[in-house]
Structures are given as structure tokens and as C-alpha cells.
There are 2 protein chains.
Amino acid sequence: MTDAASLKHWIVDIDLQPPTLRNNTADSERLLEAIGEHLGKRPIRAELAVIRGLPARLRQTGYRARCVLFEDRDRWLLLDVLDPLHPTAALGLAVDLGTTRISLRLVDLQAGDILAEQTIDNPQVAVGPDILTRIHHADRPGGARDLQARIIQALNREIKALTATAGYRSTDVYAVSLAANTAMTHLLLGLDCRWMIREPYIPAVNRPPVMGTAELGIEVHPAARIFVFPNVGSYFGGDLIAGVFFSGLHRREETAILVDVGTNAEVVLGNRDWLMACAGAAGPALEGGVTRFGMAAAEGVIDRVRWDETGGDIAWHTIGEQPPRGICGSGLIDLAAVLFRAGMIDIRGKLVPSRCGGRLKNIEDIAHVVVAWAHETATGEDLMISQADIDSLIRSKAAMYTILETITLTMGMSLAELPAFFVAGTFGVFIDPVSAVTIGMLPDLPPKRFIPLGNSSLEGATRLLSAPGSLAEIDRIRDGITYLELNVNQDFMNRFSAAKFLPHTNRGLFPSVDF
Amino acid sequence: MTDAASLKHWIVDIDLQPPTLRNNTADSERLLEAIGEHLGKRPIRAELAVIRGLPARLRQTGYRARCVLFEDRDRWLLLDVLDPLHPTAALGLAVDLGTTRISLRLVDLQAGDILAEQTIDNPQVAVGPDILTRIHHADRPGGARDLQARIIQALNREIKALTATAGYRSTDVYAVSLAANTAMTHLLLGLDCRWMIREPYIPAVNRPPVMGTAELGIEVHPAARIFVFPNVGSYFGGDLIAGVFFSGLHRREETAILVDVGTNAEVVLGNRDWLMACAGAAGPALEGGVTRFGMAAAEGVIDRVRWDETGGDIAWHTIGEQPPRGICGSGLIDLAAVLFRAGMIDIRGKLVPSRCGGRLKNIEDIAHVVVAWAHETATGEDLMISQADIDSLIRSKAAMYTILETITLTMGMSLAELPAFFVAGTFGVFIDPVSAVTIGMLPDLPPKRFIPLGNSSLEGATRLLSAPGSLAEIDRIRDGITYLELNVNQDFMNRFSAAKFLPHTNRGLFPSVDF
């Protein structure tokens with residue numbers, strides 16, 4: 001580790017001693033041995049295609065070689081040998097293959113810079129928006145191949161476009177680093193995933209082998225390799241391993257926590273000595289999937305709500321400063337916090353008619369609160385949140401808090417001790433921790449302890465491209481994770497019930513929520 | 001090494017613990033870990049194609065797996081998983097890829113038995129009988145590809161025929177083990193060999209990577225791998241490494257010697273602690289390439305000559321008991337010994353007219369000795385050996401002896417101390433060591449110390465198929481060989497001159513030649 005960690009990039013320039021009668025080692029071994037010295041004597045392999053071009057290349061460059069390296073488990077790989085005086089580009093591609101969205105990022109392997117980035121819809125959504133539908137589709141004749149082809153075609157199209165945008169060719173890409181949840185990983189690799197959804201929920205593979213991209217039909221450099229992040233099981237995927245890798249949780253002396261919030265709340269607690277993970281249904285409220293006006297972050301979506309002291313009323317902000325047409329997770333949490341502070345909802349989350357004033361509307365016997373008036377919105381009708389929406393949000397936040405509480409309790413800790421709380425995903429970027437604490441969704445820590453990670457899956461995949469020698473570290477994260485099955489017993493239900501209040505039945509846990 | 005050496009065959013039956021909710025390791029890792037335990041924790045890899053079929057296969061067999069393994073450097077490979085109750089065959093193919101002839105041998109990887117064998121002409125002979133012509137041909141546009149295609153096509157044709165003969169399919173072959181000299185190795189792999197014939201004579205590769213056979217277009221099982229024996233340099237190839245591997249020279253406590261005789265005499269001296277090698281031109285006399293009637297061993301070729309005490313004359317034997325049409329290396333050495341013992345040639349190898357009687361003929365002022373009379377031969381004309389032929393043989397035997405003497409002297413030893421003298425190739429099988437000693441070609445050791453190895457290149461390749469875990473041993477042989485450049489200085493020339501007598505100027509070196 002230590003020696004190869006001193007390698008700054010995957011590209012290494014090597015000056016060789018030219019051969020003589022007394023030093024007549026073959027071209028390939030001469031170069032591989034010199035690279036091996038650079039890597040702290042680690043084994044390194046060159047494929048036939050590289051060896052084939054080597055004698056001419058070395059004699060043309062006077063035995064100077066710009067080597068494109070990559071790492072496989074147990075050994076390193078020499079992918080290509082460029083002329084240091086007339087080098088062609090050597091790029092890497094980081095991919096976050098999400099269930100709904102795919103993010104691609106192009107990296108210069110020589111300089112480490114990010115060159116271009118793109119996010120597209122996952123074309124498998126046309127088959128089914130959720131993973132379960134796709135796994136069933138994969139079980140039909142030709143289904144797995146169809147799902148795999150959709151991803152590969154989309155990747156190839158985007159790689160072509162992305163490299164062209166940045167002024168390169170797709171064949172300049174030598175390394176692909178891809179993170180995805182376990183099901184998406186299996187669908188990408190064309191692996192059988194029918195046993196992942198049947199007890200005892202067994203994936204085909206935990207650590208996909210480092211492969212030639214050609215084997216998957218990914219159209220980049222013919223020698224290119226793809227690393228797919230390993231998973232802990234069917235419900236804890238490589239996207240989360242990439243997130244931990246990016247956060248550095250596994251390198252810290254002090255215990256910290258990482259949370260990735262989606263339909264599931266996925267949590268990792270730990271430090272450099274141990275890692276514990278669990279996941280639980282947090283409900284879709286936070287993804288904007290349930291409320292009538294809920295939607296994912298996009299132009300015209302309310303992402304911030306605050307209490308306007310001057311007007312003594314609700315004030316909102318939309319992405320792109322457009323007239324509002326919906327509200328996303330961070331907006332919803334802000335809104336709940338604002339309503340709670342204003343007394344418009346009580347500690348059970350129920351709308352208080354006396355405090356809501358004109359913003360309260362009853363529609364089909366269900367109380368609603370108007371967030372934006374018809375004359376302000378994009379649709380020309382009132383943008384409202386119903387009591388049912390708020391109830392749903394409260395169930396989600398309670399589930400989230402209960403999961404956090406359970407995993408820390410299991411380790412004999414309290415949430416208040418945590419010196420760092422990593423929040424992964426776009427959720428973590430947009431959410432206002434003060435609002436989340438106010439409603440008791442996140443524990444009552446000083447705001448600066450909450451560290452948003454952004455798309456930590458994509459960031460982790462990117463990090464591999466600029467941190468040679470990280471495979472063992474990533475595998476250690478995976479191997480070190482103890483997965484805690486959430487046992488929904490009476491204790492859990494009691495904690496859940498206590499968390500269904502705002503911010504919590506035990507107000508002592510939330511000293512900062514002091515109104 | 002030690003653990004995997006306990007593995008008897010490349011096929012291993014594994015019984016797995018079925019997964020449970022508490023033991024939910026993925027199918028691939030579950031199997032690989034169990035195999036790893038078998039191999040003394042060595043790393044093992046499964047390709048995507050194997051992982052793809054694994055979930056269904058394991059559930060079909062109740063988690064019993066017949067695993068087809070192979071070894072790569074740094075790690076093992078899981079090539080396929082068969083059903084132990086309904087297994088298909090798993091075969092290996094050993095190949096000796098010679099400059100003139102190709103030998104193939106089919107081995108049952110499960111039982112270790114040899115199933116079938118075949119030897120064919122190397123189809124590259126049509127391009128050029130010698131390596132140099134072929135290397136020049138490879139340098140022309142399309143030349144390398146043409147030479148490679150000739151070999152691959154021949155291999156595919158013979159693999160199909162050989163497997164069919166033995167009642168199998170070519171897709172039953174999972175492992176190919178191939179030994180060849182350095183040039184043939186390069187031509188097989190399509191590697192640039194133009195620098196092998198230019199000073200300082202550098203090959204493209206010393207240790208070809210273990211490859212998928214598909215990469216070379218060899219039509220066997222799609223997951224099959226090919227191991228190509230490593231070389232020490234342009235003039236010391238994998239065929240010789242395979243020979244040492246087969247002989248066990250590198251495992252013996254006492255120093256022994258191995259000689260492979262062809263146009264070059266290739267010699268390895270050593271023991272389990274060190275190995276020294278050299279090669280030198282021995283002249284083509286021993287391959288039947290020079291004398292008018294000289295030919296390789298075949299039907300109707302004189303392979304044995306003795307002195308018939310009853311008739312007081314030369315007596316010969318032909319292969320297949322056919323009328324003679326030529327004489328091969330072993331016949332020629334016997335003949336020289338017989339002529340020498342009978343006084344028909346003197347210690348300088350000159351024909352003695354007074355002792356040759358009617359067998360002496362002068363043609364164009366050159367003395368000839370008749371070996372078989374016209375009425376006895378297949379051609380209807382006298383089968384003769386000329387003084388020039390004998391001179392050529394004596395130069396060859398002198399060169400051979402000088403090389404043997406030089407390498408042992410370099411190590412401060414004498415030839416007489418050697419407890420074992422391995423003679424590789426068909427030469428070693430046919431040659432009568434007593435005759436070779438009589439003319440001073442081989443040192444004067446007791447006959448039982450000479451151990452013929454047969455086609456040691458093919459035998460070494462075969463051994464790998466029945467000795468899992470040998471790659472490191474083979475690489476250690478290669479890495480351990482010190483190559484001695486024969487320095488043709490005055491000392492060497494003096495030794496060569498002394499060896500040009502029969503058996504030697506210093507008769508004390510040949511006490512058994514006591515007539």
C-alpha cells in the first residue's frame with residue numbers, strides 16, 4: 001500500500017537502461033521490472049497486445065516509456081505504453097449508475113483534473129421505475145440481455161459525446177470506475193439476480209472481477225479495464241462502499257456516521273477499526289415521491305422555505321428562481337420546520353387551524369396548508385401540502401431517526417457524541433441541517449458537524465481514478481463492514497413511536513430546539 | 001507451493017454450505033473462498049462468464065461443484081463449474097511447438113491420463129525450413145500474421161481430430177501447455193522478433209502471460225487458458241525450460257547435466273541451488289543434415305551400426321527393417337565408433353585404406369567408405385559416407401565435447417564427476433552412449449548414468465497438466481538460470497583442437513576406450 005500510494009497518478013514515466021549483450025532481458029520484462037520498482041515490487045502484468053507493440057515503441061522512444069497503469073486485485077496492469085514526447089491522452093471515466101439517474105465524469109489520468117460531466121436518465125426506467133420490476137423483467141427470456149444492452153448503449157453514447165465535448169476520443173479512455181447498488185451492478189454485468197429477491201437474498205457476486213471493458217461492450221480503448229465497486233450484499237451496494245471510500249470514514253480515528261437518504265435510509269457507523277451498516281425503509285416522502293406536489297429537485301421546484309419575520313409569513317425559494325410548480329425533499333423539511341416553529345403544526349405534526357389562518361384549506365375533509373398561492377405558481381393553482389403529506393413526512397423522519405438511534409445504541413454510543421455526520425446524495429447538499437434537526441429527523445448536533453458529500457457514489461468512483469493503489473483499501477472497507485439486520489422488535493417500535501413527535505418525545509435530546 | 005502441490009489434479013470437487021440469512025455471502029465469493037481454503041489461501045479469480053452461470057448451477061447441484069482450475073501468475077483461475085453428478089470432460093493439451101515438427105498430446109485433467117498423441121510437420125516449413133528465413137518473412141507486411149495463422153490453423157485442425165479420436169469435443173479442452181524455442185514462441189504469439197536476430201538479440205518477452213486461448217484464436221473451451229513456457233533469451237527457449245522441469249535437474253541435490261542436441265547443442269548444468277546454461281553450434285552432422293545419405297530417423301534409415309564379429313565386417317539395422325536409404329545421427333555415431341574400433345579410421349578420423357579393404361572407394365579424389373552395398377539398399381546404389389562427412393561429424397563431436405567441458409570447467413568441476421547425464425530429444429533415445437563415448441562425443445561415464453528423456457519439451461508441457469501449482473517452480477527454473485556466453489577464445493580453441501581426436505588427445509579422459 002504505502003509505496004504505491006506514493007504514486008500520484010495512473011500514468012508513470014519510466015526511463016529504461018537500453019539492453020546490451022550482458023543485460024539482455026526481454027523488452028517486456030525490462031519495462032515491467034522497472035515499473036515494479038516504482039510500485040514497491042508489486043507484481044505487474046502486460047497483455048499480449050501491449051507486448052506486441054513494445055519492441056518498436058521502446059526503440060522509437062530511446063527506451064523512455066509513458067506507462068498507463070491500472071490495478072487489478074493481486075497485481076497491477078500495464079494497459080499501454082505511450083511516447084512521452086508525443087503522448088496521446090489517457091482518460092478515466094467515473095460512473096455512478098443509479099436506479100433512476102446515471103452520472104458520468106471524465107477525468108484526465110495524467111493530471112487528475114475533471115474534464116467533463118454529464119447526468120442522464122437510466123434508460124432502464126422505461127422497463128420499470130423500480131428495481132423489482134427490472135429483476136422480474138431480467139428473468140424473462142432475453143430480459144437480462146435487454147436491460148444490460150440499454151445501459152451499455154447509453155454509456156457508449158454518453159462516452160462518445162462527453163469525450164468529444166472535452167476534445168478527446170472515446171478510445172482515449174483507459175479506465176472506468178463504476179459504482180452502483182447491488183441490483184444495478186448485476187443488471188450491468190448481465191448476472192443472474194433472481195436469487196437476490198428471494199430469501200436468503202444472495203447476490204451472484206460481492207466483488208466483481210476487474211474486467212476488460214470490451215467484455216461488456218463498452219466502447220473505449222481496447223485495453224481499458226473497468227472496476228466495479230464491491231457490495232456487502234443484496235441491500236448494501238457498491239454505491240455506498242464508494243461513498244464510505246470518498247468520505248474517509250474508514251480512515252478516521254473517531255467514530256463518525258454516514259447517511260445516504262433515498263427510499264431507503266442507508267447508514268454506516270464506524271472508524272478506522274470497525275464499520276457497521278444498516279438500512280431501513282424511510283419512506284419515499286423525502287424523495288418527493290408521495291405528496292401531490294412533491295418532486296425531485298429541478299427548475300421551479302421549491303427547495304428552501306423560511307419564516308419571513310417582516311411579513312410574519314412563509315417565504316419560499318425555487319430552483320432557477322422560477323414560479324413554483326412543486327416542492328422537493330429539502331423544501332418539505334424546511335416547510336415542516338417553519339410550520340412547527342410558527343406553531344402551525346403541533347408536536348404530533350397536526351395542523352393547528354388557529355395558527356394557520358388563511359393558509360388552511362379543507363379539501364374533501366382533509367386539512368391542507370397553502371405554501372404558494374395560485375397567482376404565484378407556474379400552474380395557476382394553489383401549491384398545497386396536506387395533513388396526510390405531513391404525516392407521511394413524520395413517519396419518514398421518525399424511521400430515519402430510529403435507524404440512526406438503533407445503530408448507535410447497538411454500538412453502545414449516543415448520537416450526540418458523533419464528531420462528524422456525513423450526509424450523502426443530493427439530499428445532503430440541499431437539506432438545511434437546522435431544519436432537519438428542528439423536526440427531529442437528524443440528531444441535535446452543531447450544524448458544522450453535518451458534512452454534505454454530494455453524489456458520494458460518483459465521488460468515490462472518481463477518487464479511484466486519482467488514487468492509484470486503492471483497490472485493497474476499497475476491499476478492506478467492504479470486508480470490514482458488519483451488516484446489522486434491523487430487527488423490528490418492540491424496542492424498535494417504542495423508539496419509532498417516540499420519534500414520531502416533533503422533534504421527539506424526549507425533548508432533552510434536542511436542546512437546540514428551544515422555542 | 002506446498003499446499004497447492006498437494007492438489008493432485010486441476011479438477012477439484014467442493015461441497016459448499018448453502019447460504020442462509022446469517023451467512024449471505026454471494027455465490028461467487030462463497031465458492032472462491034472454499035476453493036481458496038483448498039489451495040492454502042491462494043487468491044483465486046472467476047471470470048464474469050463463470051459467475052454468470054453460477055447461481056443456477058449451484059442451486060441445481062445442491063451447492064456441490066466440480067471446479068476446473070488453472071493457475072495464472074499471482075493467482076489461480078476458476079475456469080468452469082461442472083455438475084459432479086453429470087460431469088462433462090475436462091481435458092488438457094500439451095504441445096511441443098518445434099521448428100520442424102509439432103507434437104500434441106491430449107490429457108485427462110481429472111485422471112491425469114494421456115488420451116491421445118499426434119506429431120505433424122510445422123506448416124511454417126513451407127515458408128522457410130529455418131528460423132531465420134521465417135523471422136525475415138515475419139518482417140514483411142502481413143508476414144507475422146501469416147506465420148501465426150499457419151500454426152493456429154494447424155493446431156485447431158489437430159485439436160479437432162485428436163479430441164474426436166479420443167471420443168471428446170475440442171470444447172472439452174480447458175488448458176493448453178505449450179513449449180517452444182524463443183523464436184517459435186514469438187511467431188506463435190504474433191510478437192515482433194526482428195530484434196532477436198540483431199545485436200544485442202532481445203526478445204519481446206521472456207515470460208509470456210497466461211492468456212485466454214480465444215485471444216490466439218485457438219478453438220477449445222471459451223474459458224480455456226494457455227500457458228507458454230518462459231525463455232531465458234533469444235537462444236535459450238521455453239522448450240529447454242520444459243526439459244529441465246521434466247528432468248528434475250533443478251530439484252536434485254547433486255549436480256547433473258542436461259544436453260539437448262540439434263543444430264545447436266544446448267546444455268544445462270546444475271542442481272537445486274544453481275543452474276548454468278550455454279548453447280553452441282554443434283554442426284548439423286548429428287541431425288543428418290549434411291552427409292549425402294544423412295537423414296532424420298524414419299523408415300529405411302540406418303539407426304544402428306555394429307561390428308559383426310562372425311563376418312568380421314560392418315553390420316547395420318534400419319528403422320522398420322526396410323532396405324536402407326540413408327543414415328541418421330545415431331547410426332552415424334555408431335558407424336564412426338565401429339570404424340574407429342576396427343582401425344578403419346585413425347585417431348584423426350582419417351580413413352585408413354589398408355584397413356578398409358573393398359569398402360573404400362575414391363570418388364572425385366575423395367575417399368568414401370561403403371556402409372551398405374547397392375544390392376542391399378532401397379536405391380540400388382551404394383550407401384556411402386565420405387571422408388568429408390566424417391570430418392564434419394568429428395567437428396560436431398568436438399564442438400559438443402568442448403561445450404560440455406567448458407561449462408563444467410567454468411563451475412570448477414570435471415565431467416567425470418557427474419552422477420547423471422540427461423540426454424534430451426529423439427537423439428537421446430536413439431543414440432548408443434557407448435558409441436558416443438568411443439568417439440569422444442560424450443564424456444566417459446558409465447552407460448547407466450546417461451538418461452534419455454525423449455521429447456522432454458513435450459514431457460515438460462505434459463507434466464504441467466498433471467502437476468497443479470507448478471508455475472512458480474517453472475519461473476524459478478527460468479529465473480535461476482545463469483546463461484554462459486561461450487567465449488570462443490584461445491582456451492576454447494585449444495580445448496576444441498584437443499577434442500578433434502578420437503576419442504580425445506588426452507586419452508586418460510576416456511579410460512573405457514581401451515583398444
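The legends below describe close-up views of a predicted model.

**View 1. The open four-stranded sheet of chain B.** The strands follow the order 1-3-4-2, and their pairing is mixed. Strand 1 (11-15) and strand 2 (44-46) of chain B lie at the edges with a single partner strand each, so one side of each has no neighbour in the sheet. Direction ignored, neighbouring strands of this sheet are turned by 40 degrees against each other on average.

**View 2. Strand 2 of chain B beside strand 4 (residues 75-82) of chain B.** Three bridges join the two strands, which pair in the parallel sense. B:Ile44 is placed opposite B:Trp76 of strand 4 of chain B. In general, strands of a sheet pair through backbone hydrogen bonds, in either a parallel or an antiparallel way.

**View 3. The contact between chain B and chain A.** Each side is listed by its residues: 40 from chain B and 40 from chain A. On the side of chain B that touches chain A, helix 2 (27-38), strand 2 and helix 3 (48-60) of chain B each supply at least two residues. Helix 3 of chain B gives the largest share of that side, six residues. The residues of this side of chain B comprise 21 nonpolar, seven polar and 12 charged.

**View 4. Helix 8 (residues 238-247) of chain A and helix 15 (residues 471-480) of chain A.** The axes of these helices come within 10 Å and cross at roughly 115 degrees, and the crossing is right-handed. Helix 8 of chain A contributes A:Ile241, A:Val244 and A:Phe245 to the contact, while helix 15 of chain A contributes A:Ile474, A:Ile477 and A:Arg478. Five residues of this contact are nonpolar, none is polar and one is charged.

Terms used
Residues numbered from 1 in each chain as written. Chains lettered and ligands numbered in written order. Predicted model: local features only at pLDDT ≥ 70, side-chain atom pairs only at ≥ 80, totals over all residues. Pairing = 2+ DSSP bridges. Axes fitted to C-alpha atoms, helices over the stretch in contact; angles between N-to-C directions. Contact = placed C-beta atoms within 7 Å. Nonpolar A, V, L, I, M, F, W, Y, C, P; charged D, E, K, R; others polar. Left-handed = near helix turned anticlockwise from the far one by under 90°.
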